[in-house]
Amino acid sequence: MVRELLKLGNPKLYEISENVTPEEKELVKAWAADLHDTLMEYRKTYGAGRAVAAPQIGIQKRLLYMYTDKPYIFINPVITFPDDETYTLLDDCMSFPGLMVRVTRHKRAHISYLDENFQAQTMDLEGSLSELLQHEYDHLDGILATMRAVDNKSLFTCKT
Ligand SMILES: [Zn+2]
């Protein structure tokens, strides 16, 4: 089901989400289906969007959904950084279409998480996937890319 995407300024986006519990395994399937439908609807409208975080559709759970070459579900993800190399890029977000923010992200990241079967998985990320998952992970801690702007002149409006 396509859900409403919470938009910049909605207080729920600034909350810290809770871990998914093993009892919620069946619920995760329904949440992931909604995240998928919402992501695909956004793509249809805006021609962009690679991933979405559960709190963006009002589910305060540590759950991310990404669709690149195939769908990925990240349950209770933990991100660490193997080194300190960073880079600066223009970031966007499904919670504020039409706005770009210059942010600094780690070039490389390591993510450990549970997949949809609650099996432990890890992934080494570099470049665009690294910055993408840092962005999505931030949503679980109530952090929006606007809060990571490199300075107060680094927000730009753009055509949607
Ligand atoms: Zn976002």
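View 1. Because histidine 135 and histidine 139 lie four residues apart in helix α2 (residues 128-140), about one helical turn separates them.

View 2. Five strands, in the order β1-β2-β3-β6-β7, form an open sheet with antiparallel pairing; helices (H or I, at least four residues) and strands (E, at least two) are DSSP runs numbered from the N terminus, and two strands pair if DSSP finds at least two bridges between them. The edge strands, β1 and β7 (120-126), each pair on one side only. Helix α1 packs on the sheet, touching β1, β2 and β3, and its direction makes about 45° with that of β2, the axes being lines fitted to C-alpha atoms, for helices over the stretch in contact, with angles from 0 to 180 degrees between N-to-C directions.

**View 3. The largest nonpolar core.** This core has 18 residues, and those with the most contacts inside it are Leu35, Val52, Leu63, Tyr65 and Ile75; a nonpolar core is a set of buried Ala, Val, Leu, Ile, Met, Phe, Trp, Tyr and Cys residues joined through side-chain atoms within 4.5 Å. Six residues, the largest share of this core, come from α1.

**View 4. The surroundings of arginine 62.** Arginine 62 is found in the loop between β1 (51-53) and β2, and this residue is buried, with a relative accessible area of 9%. The side chains of arginine 62 and tyrosine 137 are joined by a polar contact of 3.5 Å, that is, a pair of N or O atoms within 3.5 Å; within protein, one must be able to donate a hydrogen and the other to accept it, and residues adjacent in sequence count only if both atoms are side-chain atoms.

**Notes.** Residues are numbered from 1 along each chain as its sequence is written, and side-chain values use heavy atoms, with hydrogens and water left out. In this predicted model, local features need pLDDT of at least 70 and side-chain atom pairs count only at pLDDT 80 or more, while totals for chains, interfaces and linings use all residues.

Note on methods: Buried means under 20% relative accessible area, exposed over 50%, partly exposed in between (1.4 Å probe, protein chains only). Contact means heavy atoms within 4.5 Å.
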